[in-house]
Amino acid sequence: MNVLILTGAGISAESGIPTFRDADGLWEGHAVEEVATPQGFARNPDLVHEFYNQRRRALQQPNIQPNAAHVALADFERDHLAKDRGRFLLVTQNIDNLHQRAGSQNVLAMHGQLLQARCLYTETIFDWTDDLSVDTPHPEEPENDSMRGCLRPNVVWFGEMPIGLSRIEQAAQAADLFIAIGTSGLVYPAAGIVAQTPPSCRRIEVNLDNTPASSAFDETIRGKAGDEVPQLLD
Ligand code: BJW
């Protein structure tokens, strides 16, 4: 049985990371086009850096830990692969690294990672835990002033190409079980993955609420990921 999991911000809500579109979400007080597009970054890099600096600092607070849903997915994958039951891929839209910290192995972070920075010129990716600014020197060329401020968060903004799309498409087409957890089904191409799975695939949505994608699933489980995912995968 080939398993494909898709996760969104809702799976990390119980770990203390705000979602985007719920009340008190990350977009509140921010115009999406100002903080999550390449054009917004070009117009006002200070604002965008500050938005991500705050989130990077918050992510590294000791109280932010993987929750029961992250752990259940990591345990399920370990067992599935150890028993040679088929393939397993966890596609996450989250940039928070909590799946990796919970022990998941086959994780594809399709919208990038907050604890990475990328050089605008060379595309080199660096592990990054500190603040970024328009004055941050290039890690490999700290004396070269023309390279100052060349780093951006290694995340995927609107209008940019998400990571690993062909691998995701292949996994969707080969999936026998597809589970989407804690995602609003509003952002493409992630929201379209369910439509790429074959008719024989069992499709399950776990979410607090209905989403525009709900009708594409065979089963919808309403509740908190931290309660529902461990039960579902037990
Ligand atoms: C719980 C819970 C609990 C709460 N338990 N549940 C087709 C149609 C229409 C538009 C498009 C299309 N194709 C492309 C587009 C344009 C665009 C798009 O989708 N726009 C729509 C908004 C209309 N897409 C893109 O631009 C993408 N790029 C692309 O398609 O490129 C193609 C291309 C071709 C050729 C050249 C170049 C490009 C890129 C999208 C990038 C999205 N980036 C962001 C920011 C990432 C960095 C960051 O984190 O800051 O990704 S936006 C933001 O939304 C973030 C998220 O990953 C993403 C999805 O959000 P998510 O995870 O679903 O969170 P929420 O908050 O929306 O929902 C949370 C859910 O959890 C809710 O349902 C709650 O009920 C639930 N929940 N607590 C269970 N405890």
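1. Helices (H or I, at least four residues) and strands (E, at least two) are DSSP runs, numbered from the N terminus. The structure is a predicted model, in which local features need pLDDT of at least 70 and side-chain atom pairs count only at pLDDT 80 or more, while totals for chains, interfaces and linings use all residues. Residues are numbered from 1 along each chain as its sequence is written.

2. On the backbone, Asn97 lies in the loop between strand E2 (88-92) and helix H6 (98-102), and Asn97 has a positive phi of about 75° although it is not a glycine. In the loop between strand E7 (177-181) and strand E8 (202-207) one finds Pro189, which is joined to Tyr188 by a cis peptide bond with an omega of about 5°. Most residues other than glycine have a negative phi, and most peptide bonds are trans.

3. Around the ligand there are 35 residues, of which Gly8, Gly10, Gln93, Ser184 and Tyr188 come nearest; a residue is near a molecule if its C-beta atom, placed from the backbone, lies within 6 Å of it. By class this shell has 17 nonpolar, twelve polar and six charged residues, where Ala, Val, Leu, Ile, Met, Phe, Trp, Tyr, Cys and Pro count as nonpolar, Asp, Glu, Lys and Arg as charged, and the others, Gly among them, as polar.

4. Helix H5 (residues 68-82) packs with helix H8 (residues 225-233) at an angle of about 20°, their axes being 7 Å apart; axes are lines fitted to C-alpha atoms, for helices over the stretch in contact, and angles run from 0 to 180 degrees between N-to-C directions. H5 and H8 are therefore roughly parallel to each other, a term for angles under 35 degrees. Ala68, Ala69, Ala72, Leu73 and Phe76 of H5 make the contact with Ala225, Gly226, Val229, Pro230 and Leu233 of H8, contact being defined by C-beta atoms, placed from the backbone, that lie within 7 Å. The residues of this contact divide into nine nonpolar, one polar and no charged.

Terms used: Angles under 35 degrees count as roughly parallel, over 145 as roughly antiparallel, 65 to 115 as roughly perpendicular and the rest as oblique. Two residues are in contact if their C-beta atoms, placed from the backbone, lie within 7 Å.
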